[in-house]
Structures are given as structure tokens and as C-alpha cells.
Amino acid sequence: MTDKSYLDWPFFEPQHAALEAALDAWAMQHLANANHATRDRADVDDACRQLVRQLGDGGWLRHAVAGVEHGGHAHAIDTRAICLIRETLARHDGLADFAFAMQGLGAGAISLHGSADQRRRYLPRVAGGAAIAAFALSEPQAGSDVAAIQCAATADGDHYILEGEKTWISNGGIADFYVVFARTGEQPGARGISAFIVDADTPGFEIAARIDVIAPHPLARLRFNRCRIPAAQRIGAAGQGFKVAMSTLDVFRTSVAAAALGFARRALDEALAHATQRQMFGQMLSDFQLTQAKLADMATGIDAAALLTYRAAWQRDCGRKVTKEAAMAKLAATETAQQVIDAALQMFGGLGVVSEQPVERLYREIRALRIYEGATEVQQLIIARELLREAAAMKGEV
């Protein structure tokens with residue numbers, strides 16, 4: 001039911017519309033019969049592993065890594081393709097979107113900054129769905145404030161010794177390897193952080209606890225206790241970890257907005273179908289002007305968020321800086337999706353809060369997107385900071 005006319009926008013090229021159509025058809029065949037009712041916290045790990053394999057077998061994970069020689073679809077990651085894939089998967093199945101997104105985020109630092117050997121050893125397995133990746137940045141006292149991380153990596157000859165904890169780590173407990181950011185102390189703050197690849201079977205690494213959240217996903221707290229890793233597992237130069245993290249997030253932050261669009265479009269589809277079938281007081285729910293006004297607001301908000309999202313994706317693919325634009329897209333799309341899904345649930349009345357109804361699942365899925373990869377308030381700070389920087393630069397030119 002979703003209107004696909006946005007694929008005609010000038011942000012896209014013909015291959016993007018073809019990609020969306022192919023994935024939509026694949027998703028209808030492979031995801032339509034997913035038994036969401038069995039995806040409780042005990043089964044979500046297996047479901048996620050299966051989805052990674054399916055996405056790998058289908059060739060979709062090739063878009064999540066860079067380098068044809070390493071199994072990627074192209075030399076560089078196509079941000080618009082990543083966004084279209086996430087939007088389409090989210091519209092069909094939130095966990096499928098999660099599985100795809102974490103492969104890209106977990107391997108993103110290797111795609112962008114990894115050595116030739118690191119790319120050769122990890123990226124083909126990620127692209128094929130044979131290895132599950134994770135991105136380990138957040139800590140109990142360092143979420144949005146990345147520069148405050150305390151997990152430490154101490155040089156020891158040709159190795160590093162990792163000590164500390166990470167938390168809120170997606171794919172924690174099922175990943176085959178983790179990209180871990182730790183303080184190496186070259187300089188204070190953000191300039192003294194490095195990035196490392198830690199294989200799941202490395203001695204001294206353990207899953208300290210699994211974390212249950214509102215929409216079941218594999219999530220965990222990690223612990224490193226004298227975890228010894230080769231210096232060759234460091235990604236990029238020592239002290240460059242903050243740069244590695246931010247450049248990775250720059251690629252995938254816009255795709256969070258795209259996932260929110262997918263959830264919002266599905267909610268609008270469900271609302272339209274319900275409103276045109278539900279009889280109330282001798283007429284259809286859709287005949288009420290209150291309903292029509294709400295549907296109009298939902299559709300308008302989705303299009304506005306989509307324009308911001310695909311502008312940011314297009315600008316990045318053009319090689320432009322997108323810090324402000326990506327933040328605007330994530331803020332607008334996630335907040336709009338929350339409003340759209342809430343309005344859709346309200347139209348369903350009591351049925352909307354019945355467990356495992358589509359709008360009830362969407363209501364649980366969307367909430368985390370307003371927090372992870374930078375909460376709404378952090379996006380506001382980023383946007384304001386960039387505006388003030390631009391204003392100061394303009395004054396300097398005058």
C-alpha cells in the first residue's frame with residue numbers, strides 16, 4: 001500500500017528504485033510469515049542469527065560493507081542504498097532491520113579505516129552473513145559523551161591489555177567480533193581513544209549481563225579483564241578512535257532516520273486500512289473529519305522527514321559534510337515516527353494495545369530509535385553547534 005512516488009525524487013538514481021523493488025519483493029517472500037509471537041527474549045538470539053544468514057544469502061549485506069574485493073556491492077558504501085534497505089526492512093520486520101543495521105555499523109569502522117588484512121579477514125564474512133558484527137562504544141557513564149569513556153587499553157609490547165566495561169551493546173552475546181573503543185591515553189579526552197577488533201573467543205572477554213528492553217533485541221553489557229589482543233587488531237592509528245567512531249556514525253546515523261521512516265510508513269498503511277474498514281456510528285472511521293485530519297498530519301510528517309533523510313544521504317554520497325543534515329534527519333524522522341505510530345495506535349482503540357498487533361509492535365520498536373546513535377537532545381545540540389559554527393565563519397568572512 002505504501003506510496004513509492006518518493007523514489008522519483010532527484011536524490012535517487014535508477015538503481016535505487018530497482019534495489020527497493022527487489023528488496024520489497026524479497027521481504028514479502030521471506031519475512032511476511034515471521035512468527036513475531038515467538039520472538040521473546042529467549043528466542044530473539046536465534047531469530048537474529050537466522051535473519052543475518054538470510055540477509056547474507058539474499059545478497060543484501062553486501063551493501064553494508066565497502067569493497068567489491070571484500071564481498072561488498074561497491075567500492076564505497078552507498079548511503080542512499082543503506083537507507084532504502086533499512087526503510088524497507090523496517091516496514092516489514094523491525095528485527096530484520098536491526099540485523100542488517102548492526103552488520104553495517106559493526107563492520108563500518110573496518111570498511112572505512114581497517115587495514116588490508118583486517119578487511120580481508122572480516123568483511124567477506126560479514127557480507128555473506130557468516131559472521132555477526134558489533135559496535136562497542138557506550139559505557140555505563142559514557143553514552144552520548146563519547147570522550148568520557150573509561151575502558152582502557154594499555155600497550156604491552158606488540159599487544160594491548162583491555163580493562164573495563166561496555167554497555168547497551170547491540171548483538172552483545174551473539175556477535176563473532178566486536179569493534180571496541182578504549183582509552184589509550186595519547187592525549188586527554190577524545191584524542192586519547194583507539195579502536196580495536198576483539199574476537200568473541202578472546203580470553204579475558206566475557207558477556208557480563210544480557211539486557212532486556214522494550215522491543216526484544218540481542219543486547220548486553222561486556223566486560224574486559226586483562227583481555228590481551230594483538231596490536232595488529234587496532235583499527236587506524238593510536239589515538240584516532242574518536243575519529244573512527246564519528247566517521248562510522250556519520251554513515252549510519254542517517255540510516256536510523258530511514259528505519260524510522262519505515263516504521264512510520266507501516267503505521268500509516270495500517271491506519272489507512274483500519275480507518276477504511278472500521279464502522280462507527282453508521283459510517284466508516286475514515287469518514288470522520290478528525291480521522292482525516294490525523295491522516296493528513298501523518299502523511300505530511302512522513303514526507304517532510306523523508307526529504308530531510310534522503311537529502312542527507314544524497315549529500316554524503318556526493319562527498320559533502322553531513323553532520324548537521326544527518327542530525328536533522330534523525331531528529332525529525334524519529335520524533336515524527338513516534339507521533340505517527342502513536343496516532344495510528346489511537347485509531348485502533350483497544351485493539352492497538354493488544355500484544356503483537358502490528359501497531360503495538362511498532363510502538364515498542366520506535367521508542368529506542370529516539371535514543372540510540374545519539375538521543376534527540378544530542379541531535380539538537382549538534383545542529384545548534386553547527387549553526388553557530390557556520391555563523392561564526394560567515395562573520396569571519398565579512
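**Cysteines and an aromatic pair**

Colleague: How far is the sulfur of C151 from the closest cysteine sulfur?
Modeller: 9.0 Å, and that closest sulfur is in C227. It is too far for a bond.

Colleague: What kind of model is this?
Modeller: A predicted one: local features need pLDDT of at least 70, side-chain atom pairs need 80 or more, and totals for chains, interfaces and linings use all residues. Residues are numbered from 1 along each chain as its sequence is written, and side-chain values use heavy atoms, without hydrogens or water.

Colleague: How many disulfides, then?
Modeller: The search of the whole structure finds 0. A disulfide needs two cysteine sulfur atoms within 2.5 Å.

Colleague: Is C48 buried or exposed?
Modeller: Buried, at 1% relative accessible area. Buried means under 20%, exposed over 50%, partly exposed in between (1.4 Å probe, protein chains only). C151 is buried too, at 1%.

Colleague: New topic. How many aromatic pairs?
Modeller: 10. Rings of Phe, Tyr and Trp (its six-membered ring) pair if their centres lie within 6.5 Å; planes under 30 degrees apart are stacked, over 60 edge-to-face, the rest tilted. One of the pairs is Y6 with Y310, stacked at 6.4 Å centre to centre and 20 degrees between the planes.

Colleague: What does that pair tie together?
Modeller: Y6 lies in the segment before helix 1 (14-30) and Y310 in helix 7 (residues 289-317), so the pair links parts 304 residues apart in sequence. Helices are DSSP runs (H or I, at least four residues), numbered from the N terminus.

How values were computed
Helices (H or I, at least four residues) and strands (E, at least two) are DSSP runs, numbered from the N terminus.
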